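The following exercises concern the reading of a protein model. Please work through each task before consulting its solution.

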Amino acid sequence: MSLRTMKRLLAIVCEVFHREACAAAAQSRLRVDFEFLPKSLHDIGEEAMSARLQATIDHALQTRSADEQPGAIVLLYGLCNNGICGLHAPVPLVVARAHDCITLLLGSRERYEAHFAAHPGTFYKSPGWIERDSDPNDNPASVTSRLGLSRNYAELVEQFGEDNAQYLMETMGDWLKHYKRLCLITTGVGPEEEYRQCSRAQAEEKGWLYEEVAGDTSLIQRLLNGEWDERECLVLPPGQKIVASHEEGVIRAACADCAGCTQVNESI
């Protein structure tokens, strides 16, 4: 199916983009069907996250009638600690060349990298990260819970011994200690003043500097419009899977039964 004749997209979306994705879909020339997945997927590790995403892709296609089948699937995810690696589909699968969601919220890798370089030690917030926030320790499947980091010192001592408990508390207990500022990314959706107040309060509580930066949802819009420039997104053909790349492109295609070979994407 060519882009000219394609009428329907399936978007599988991290819920942190809920408002931005719905706003973009309202402006798209395509009919966009959504599958939203919880932010907590980021906390359960690479293999579990990838398995959940693949199951969502498979189930969504298997349960749709012939006239409801999408011409392509768009993933509103970044590489997300390799959580999208291995994903494949019988229709083209499209994903931004991004390490994480901040790229999609700022509009490009270049803008994110420039901001990151100018402001190291920044903890980012956005409408979705505020509204959908949760403590990973509250999720039994999360990495922190499985490592025992959701337990207090006495519980760690009981299970791992005093030396190991002390090590866990010192090296992994306070994962926020390297941050120095909190940056709210405003995207023009939702009650911005409430987001601002919430973010300022968190920054004050942590003793961090507070700043704001204007978001740019144009990359999300292009993804849901079917405007897929190979420089900013990967269009994965059927029969291939997503793998991480250590080069500028962030991700690349590989044969579904092979981890090493790549193939130039064909126009769809």
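The model is predicted: local features require pLDDT of at least 70, side-chain atom pairs count only at pLDDT 80 or more, and totals for chains, interfaces and linings use all residues. Residues are numbered from 1 along each chain as its sequence is written, and side-chain values use heavy atoms, with hydrogens and water left out.

**Exercise 1. Confidence**

Task: State the average pLDDT of the protein chain and identify a stretch where pLDDT stays under 50.

Solution: 
- pLDDT is the predictor's confidence in each residue, from 0 to 100.
- The average for the protein chain is 85, and 78% of the residues score at least 70.
- Residues 139-150 stay under 50 in pLDDT, and the model gives them 33 contacts (heavy atoms within 4.5 Å) beyond four places in sequence.
- Residues 259-268 are also below 50, with 25 contacts beyond near neighbours in sequence.
- Where pLDDT is low, predicted coordinates should not be read in detail.

**Exercise 2. The sheet**

Task: Determine the strand order of the open sheet and describe how helices H1 and H2 are placed on it.

Solution: 
- Helices (H or I, at least four residues) and strands (E, at least two) are DSSP runs, numbered from the N terminus; two strands pair if DSSP finds at least two bridges between them.
- The five strands of the open sheet run in the order E2-E1-E3-E4-E8, with mixed pairing.
- At the edges are E2 (31-37) and E8 (233-236), each of which pairs on one side only.
- E1 (residues 8-14) pairs with E2 in the parallel sense over seven bridges; Cys 14 has Leu 37 in E2 as its bridge partner.
- For angles, axes are lines fitted to C-alpha atoms, for helices over the stretch in contact, and values run from 0 to 180 degrees between N-to-C directions.
- H1 (residues 18-27) lies across E1, E2 and E3 (72-76), at about 170 degrees to E2.
- H2 (residues 46-62) lies across E1, E2, E3 and E4 (93-96), at about 140 degrees to E2.

**Exercise 3. Salt bridges**

Task: Locate the salt-bridge partners of Arg 132 and Arg 64, and classify each residue as buried or exposed, or in between.

Solution: 
- A salt bridge places a side-chain nitrogen of Lys or Arg within 4 Å of a carboxyl oxygen of Asp or Glu; the structure holds nine.
- Arg 132 pairs with Glu 15, the closest N and O atoms being 3.6 Å apart. The two residues are 117 residues apart.
- Buried means under 20% relative accessible area, exposed over 50%, partly exposed in between (1.4 Å probe, protein chains only). Arg 132, at 28%, is therefore partly exposed, whereas Glu 15, at 17%, is buried.
- Arg 64 meets Glu 35 of strand E2 at 3.7 Å, N to O. Arg 64 is buried at 18%, and Glu 35 is partly exposed at 26%.
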